[in-house]
Amino acid sequence: MIKLIRSGVYYSEGRLVKENVAFMVEAKKRKAIQSTISYGILNSHNSGGEDNLKITFDGLVSHDITYVGIIQTAKASGLKEFPLPYTLTNCHNSLCAVGGTINGDDHLFGLTAARRYGGNYVPPHLAVIHQYMRETGVKCGSMILGSDSHTRYGALGTMAVGEGGPELVKQLLKQTYDVARPETIAVYLKGKPPKGVGPHDVAIALAGATFKNAFVKNKILEFIGPGIKNLSMDFRCGIDVMTTETACLSSIWETDDICRRFYKTHGREEYFKPLHPAEPAYYDGAVVIDLSEIQPMIALPFHPSNAYTVKEFISNAEDVLAETEKQGYALLKNPSFSLRDKVRDGKVTVSQGIIAGCAGGSYENIAEAAEILRGASCGNGEFELSIYPQSQPVFKCLADNGSVSSLMSAGAIIKTAFCGPCFGAGDTPFNNGLSIRHTTRNFENREGSKPSEGQLAAVALMDARSIAATAANGGVLTPATEFEYTRKIKKYYFDAEIYKNRVYCGEGKPDYDAEVAYGPNIADWPEQIALSDNLLIKVVSVIKDAVTTTDELIPSGETSSYRSNPLRLAEYALSRKDPDYVTAAKAVMADEQSRRVNGDLPAKVLKEAGVEIKSGTIYGSCVAAKKPGDGSAREQAASCQRVLGGVANIAVEYATKRYRSNLINWGMLPLVCDKLDFRKGDYIYIENVRKLISDGAKSLPAKQISRGKVKDIELGIGELTEEEKKIILSGCLINYNKNRK
């Protein structure tokens with residue numbers, strides 16, 4: 001199905017040629033490098049150098065878990081108005097069902113902030129963040145930055161990047177997004193998907209082939225090739241949004257008449273333009289996907305890259321689920337977790353199906369699911385099916401075209417646009433339940449279970465078509481390719497009046513007299529102090545999992561109501577992975593605050609070990625993990641550590657650029673080591689840290705004090721831009737911008 005080419009390749013006349021076969025002189029190679037779509041878009045937005053880019057985006061987008069913190073940060077840094085289009089959507093905390101009026105207060109904050117600063121505001125239940133931008137915000141050749149990791153509009157010719165909130169703050173303050181020029185990987189599509197195969201099948205296969213080997217990590221995926229013409233726009237967008245799960249930085253696709261028709265349908269044809277690489281174009285590697293060979297796929301817990309064909313999985317279900325259970329025991333430390341009991345008489349049964357969000361809730365996904373379920377029944381047993389159209393225009397067209405009626409008659413529950421099933425704020429399955437979902441992620445506890453209360457469940461990702469086939473089969477896992485149905489669906493139309501009559505469009509029209517409404521749970525960021533000459537760090541948590549997701553650093557789901565209150569949210573930091581973390585971090589912070597008053601460093605063990613701590617030393621905590629930061633772009637994974645006195649992370653490597661950026665923007669050192677040889681309670685002392693960072697040192701000499709013994713170590717810090725150095729030295733992005741005034 002998928003082949004990886006690890007060497008450079010040239011693309012010409014619709015074919016890929018390996019670099020070691022093509023004869024190209026260096027000058028021609030440089031020109032070929034500049035011939036990709038990616039290179040052209042990046043250069044048109046770059047004010048920096050050839051290798052180190054300084055990008056200014058054309059627009060920003062955030063949802064209601066992130067926009068309050070972003071606007072609060074920008075306001076504290078001197079924000080007067082939004083200098084570029086900024087859209088605030090409400091699709092994560094839209095239920096307003098947890099914490100009284102907390103979520104509603106956030107929404108009112110968003111509306112009044114849009115009025116005050118000149119932005120756009122999309123009310124709850126109207127659209128999920130990425131579908132609204134597809135329908136109204138994309139332009140071929142443009143760039144959009146979003147505070148959600150699945151900010152991907154490459155199939156529509158817009159290069160989009162998901163980052164933590166501080167990177168959006170920089171854009172609001174007319175600063176740039178600084179990044180080393182990323183490598184570009186060609187994703188060469190050929191063939192045509194068989195009936196019953198959908199975009200999630202392709203996406204799961206792609207994640208399975210590329211995530212674990214980091215083949216495309218922090219790179220740009222450029223989709224090219226003859227297979228593109230065989231995919232509808234919904235199909236393309238369904239693949240594109242899931243490129244986040246490969247750990248790539250962004251994506252872009254060739255555009256064609258099918259793409260033009262999408263723009264025309266949405267009344268925006270003037271924003272379409274053809275995008276194609278010039279020939280020959282050079283890529284740093286390639287992923288070749290034969291769409292005709294793709295089969296229905298399933299991504300088993302606990303990652304979208306745990307990919308199997310549905311047939312392969314069913315035929316080996318006992319063995320495969322036994323391995324998954326072992327992962328569950330290791331991750332969740334709960335021996336009662338059970339998956340093999342879902343295998344009955346050679347069949348695999350599931351308890352729930354969900355089709356939702358930016359990946360699953362598209363018109364074609366749901367309409368084709370309706371055809372599969374036409375005249376069928378989901379049954380009246382434990383299996384349940386819920387479907388969330390990704391926007392009200394999509395919902396209206398599905399209703400008018402009869403798909404909603406077919407689904408409801410089959411027993412499916414139709415709900416409004418909401419991202420909750422993607423991050424554990426809705427449709428949490430019962431204990432030991434197995435849910436199949438056409439959503440973006442299936443990390444542990446991502447579906448909302450609470451292991452601390454003895455409640456565990458699991459999610460597998462599948463395409464909407466196979467979910468519908470499973471529903472029609474009473475919850476018995478069934479690939480859609482084995483189900484007879486017609487996939488002929490009615491043409492989609494877009495009703496622009498829905499948004500015209502409900503969305504607040506204040507772009508470029510700030511009202512300086514408008515007041516921003518603050519509910520009682522909306523709090524300012526606590527003040528952070530600048531980095532001192534020397535740094536004493538106490539390791540308060542060590543995580544030795546192969547990968548640590550942002551969901552483990554700060555859980556999703558039940559914490560979402562407190563995303564506007566830094567101190568209340570911080571109480572949940574590492575609560576699933578290391579319940580002692582908050583108490584330990586607070587103790588270090590209390591010691592540091594006492595030191596400021598009394599002038600004494602707290603660590604008696606240091607004196608006993610013979611380590612002399614110089615004056616001008618700041619004391620804080622750190623988390624050590626092998627590979628932290630996979631998953632969400634949420635800045636709170638870092639900021640929660642910071643408001644609890646965190647001064648650093650130590651990692652063998654960081655899972656994503658965006659998590660490392662979040663650490664830097666919150667004034668924390670993104671330290672790296674060759675081996676995670678640390679224990680809870682260890683101390684790390686770095687002399688002259690301020691000067692070392694200011695001078696651009698790539699590694700920091702330090703002393704590690706562990707169990708009374710001292711050894712000299714080197715901790716890497718990697719390449720830092722001049723701005724990143726100043727942010728760390730200032731203590732955080734807010735301080736940096738205050739100092740610039």
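The largest cavity has a volume of about 230 Å³. In this predicted model, a search of the whole structure finds eight cavities of 30 Å³ or more. Helix α3 spans residues 67–76 and is largely enclosed by the rest of the structure, because eight of its 10 residues are buried.

**Lining of the largest cavity**

- The lining of the largest cavity comprises 22 residues, and the closest to the centre are His63, His92, Asp148, Phe423 and Arg446.
- By residue class, the lining of this cavity consists of 10 polar, seven nonpolar and five charged residues.
- Two helices, α5 (129–136) and α16 (420–423), each contribute at least two residues to that lining.

- The buried part of α3 consists of Tyr67, Val68, Gly69, Ile70, Ile71, Gln72, Thr73 and Ala74.
- Buried here requires under 20% relative accessible area, and eight of the 10 residues of α3 fall in this class, so the helix is largely enclosed by the rest of the structure.
- Among the strands that cover these buried residues are β5 (59–62), β6 (86–88) and β7 (120–121).
- The cover also includes the helices α4 (102–117), α6 (165–172) and α27 (733–740).
- Just after α3, glycine 78 adopts a positive phi of about 110°.

- Strands β5 and β6 run parallel and are joined by three bridges.
- Valine 61 has threonine 87, in β6, as its bridge partner.

**Cis peptide bonds**

- Glutamate 279 and proline 280 are joined by a cis peptide bond with omega of about -5°.
- Proline 280 belongs to the loop between α9 (257–265) and β14 (281–283).
- A cis peptide bond also runs from proline 301 to phenylalanine 302, where omega is near 15°.
- Phenylalanine 302 is located in the loop between β16 (297–299) and β17 (307–309).

- Lysine 174 is a residue other than glycine, yet its phi is positive, near 65°.
- This lysine 174 sits in the loop between α6 and β10 (177–180).
- The relative accessibility of lysine 174 is 70%, and the residue therefore counts as exposed, the limit for that class being over 50%.
- Asparagine 688, likewise not a glycine, has a positive phi of about 55°.
- Asparagine 688 counts as partly exposed because its relative accessibility is 41%, a value in between the limits of under 20% for buried and over 50% for exposed.

Key: Residues numbered from 1 in each chain as written. Predicted model: local features only at pLDDT ≥ 70, side-chain atom pairs only at ≥ 80, totals over all residues. Heavy atoms only, no water. 1 Å grid on protein atoms, 1.4 Å probe; cavity = no way out; pocket = protein on both sides within 12 Å on 5 of 7 lines; lining within 4 Å. Points joined across faces, edges and corners; volume = space filled by probe spheres on them. Helix = DSSP H or I, 4+ residues; strand = E, 2+ residues; numbered from the N terminus. Nonpolar A, V, L, I, M, F, W, Y, C, P; charged D, E, K, R; others polar. Buried < 20%, exposed > 50% of the residue type's maximum accessible area, 1.4 Å probe, protein only. Contact = heavy atoms within 4.5 Å. Pairing = 2+ DSSP bridges.
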